[in-house]
Amino acid sequence: MSTLGIVYFYVCAALAVSGALAVVAARNPIRSAMGLLLLILSIAGLFLALHAQFLAVVQLIVYAGAIVVLFLFVIMLLGPSASPPLDHRGIVGRAFGGSLFALASIAALAAVARAALAAHRTMAMPAPDANLGGIDAFGTVLFSDDLAPFELSSALLMVAVVGAVAVAKGRQGIAGLSKSEKSPSHVPPHTEAAHSGVFRHDIEGVDVSSAHGIDLRVGQADGTSAEGGVVERIDADPDGIPTDRPQRPRQSGEITGAKGGPR
Amino acid sequence: MIPIEPYVILSALLFTIGGVGFLVRRNVLVTLMSIEVMLNATNLALVAFNRSRLKPSLAQTYPGQSHTGQVFAFFIIAAEAAEVAVGLAIVLSMYRLRRTVLSDEADLLKN
């Protein structure tokens with residue numbers, strides 16, 4: 001059992017180090033992302049060996065399921081420009097900084113390891129409870145002692161989601177917002193009488209779309225409420241380019257933004 | 001059972017690799033991934049120390065052993081997810097403005 005544990009640790013450690021080296025050294029960012037995935041999987045394996053079963057599962061779900069996929073999405077969205085051709089501008093300064101950091105941390109590591117070996121005190125790990133790191137024990141601690149940081153982390157995630165949407169929409173999204181705020185002036189006057197705030201009747205969508213030659217079936221399909229009013233639909237500005245209203249979901253805004261480029 | 005030193009040494013090694021990648025690479029995507037490597041290394045050290053220094057929990061409602069390191073690692077994972085979301089949004093926005101993902105070409109404020 002003990003030798004099996006040692007072999008397991010060293011296999012996971014070798015995989016983790018090779019994954020980290022792949023992240024840093026790969027020229028293609030897709031390979032970097034695959035190296036990150038390997039590192040994450042092997043660290044989840046080490047978490048299992050360290051009696052942190054819940055954290056291992058969280059690691060798999062959050063990292064391998066969300067973060068690496070997000071990286072891959074962005075890499076594929078950027079296409080070939082995500083891996084620009086190699087040039088050696090500023091290579092001296094960067095190599096100097098990197099090697100300085102590596103030397104400093106390896107020296108610190110060697111000093112600590114030598115002190116630990118000199119003390120002849122290898123800390124054998126004590127026996128844990130059977131439920132250490134399980135979801136019931138972890139959840140009990142998380143919802144009793146650490147409740148305040150847990151709730152604060154939900155606020156952090158909320159702010160991050162809003163900030164990510166705002167930053168990814170960028171200048172274009174703000175321009176689209178101001179255009180769609182101004183857009184009632186482009187609608188024919190006989191329909192403007194029917195407006196009430198941001199809600200519009202679906203007939204107007206047909207009018208505007210036929211006037212500018214744009215098919216707005218998507219906007220009608222998801223925007224028509226039970227009373228026949230349109231809560232949310234694609235607006236059309238005078239050049240005939242459909243602009244996003246602020247309530248549009250995030251993904252379509254990102255995709256159109258990346259395709260359209262700076263306008 | 002394995003003592004804690006190999007875990008700590010592995011963690012420091014991974015942190016060093018991630019730090020060198022952060023300093024050397026110019027591609028912003030790879031820089032973000034290097035930050036991920038460094039945070040994973042710290043998570044490993046936290047969980048290993050939690051496993052090696054088992055103490056009774058201070059929580060009134062939970063009588064077992066303390067989970068402080070694991071809870072810390074859990075919050076690091078949450079913060080990291082937020083960081084990646086915002087960071088990739090910034091990368092997309094920078095690409096839209098400058099058509100590049102290289103960090104030294106993002107010099108809008110410099111010139």
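Predicted model: local features only at pLDDT ≥ 70, side-chain atom pairs only at ≥ 80, totals over all residues.
Which residues are buried in α1(B)?

## Helix α1 of chain B

The buried residues of α1(B) are E5(B), P6(B), Y7(B), L10(B), S11(B), L14(B), T16(B), I17(B), G18(B), G19(B) and G21(B). The helix itself covers residues 5-24 of chain B, 20 residues in total. From its first C-alpha to its last it reaches 28 Å, close to the 28 Å expected at 1.5 Å a residue.

What do these buried residues pack against? Within chain B, their partner is α2 (28-52). From chain A, they meet α1 (2-25), α2 (29-49) and α4 (91-118). As a reminder when you look along the helix, an α-helix has 3.6 residues a turn, so residues three or four places apart point the same way.

## Where the two chains meet

Now to the interface as a whole. On the chain B side, 74 residues are in contact with 94 residues of chain A. The area buried between the two chains is about 7500 Å², and carbon and sulfur atoms give 74% of that area. Three residues, M33(B), R51(B) and R96(B), supply 10% of the area that chain B buries against chain A, more than any other three residues.

Are there salt bridges or polar contacts to look for? Across the interface of chain B and chain A, the rule finds zero salt bridges, but it does find 10 residue pairs in polar contact. The elements of chain B that give two or more residues to the side touching chain A are α1, α2 and α3 (68-98). Of these, α3(B) gives the most, with 23 residues. Sorted by class, that side of chain B has 49 nonpolar, 15 polar and 10 charged residues.

Chain A has 10 helices and four strands. From the N terminus on, its elements run α-α-α-α-α-α-α-β-α-α-β-β-β-α. Of the 263 residues in chain A, 33% are buried. Among its contacts with a separation of 6 or more, 53% are between residues 24 or more positions apart.

One residue worth a visit is S42(A), in helix α2 of chain A. Is S42(A) buried or exposed? S42(A) counts as buried because its relative accessible area is 4%, under the 20% cut-off. Its side chain reaches the backbone oxygen of L38(A) at 3.0 Å. Leaving aside neighbours within four places in sequence, S42(A) is in contact with C12(A), L15(A) and A16(A).

Conventions:
Residues numbered from 1 in each chain as written. Chains lettered and ligands numbered in written order. Heavy atoms only, no water. Expected span 1.5 Å × (residues − 1). Buried < 20%, exposed > 50% of the residue type's maximum accessible area, 1.4 Å probe, protein only. Contact = heavy atoms within 4.5 Å. Buried area = accessible area lost by both parts, 1.4 Å probe. Salt bridge = Lys/Arg side-chain N within 4 Å of Asp/Glu carboxyl O. Polar contact = N/O pair within 3.5 Å; in protein donor to acceptor, adjacent residues only side chain to side chain. Nonpolar A, V, L, I, M, F, W, Y, C, P; charged D, E, K, R; others polar.
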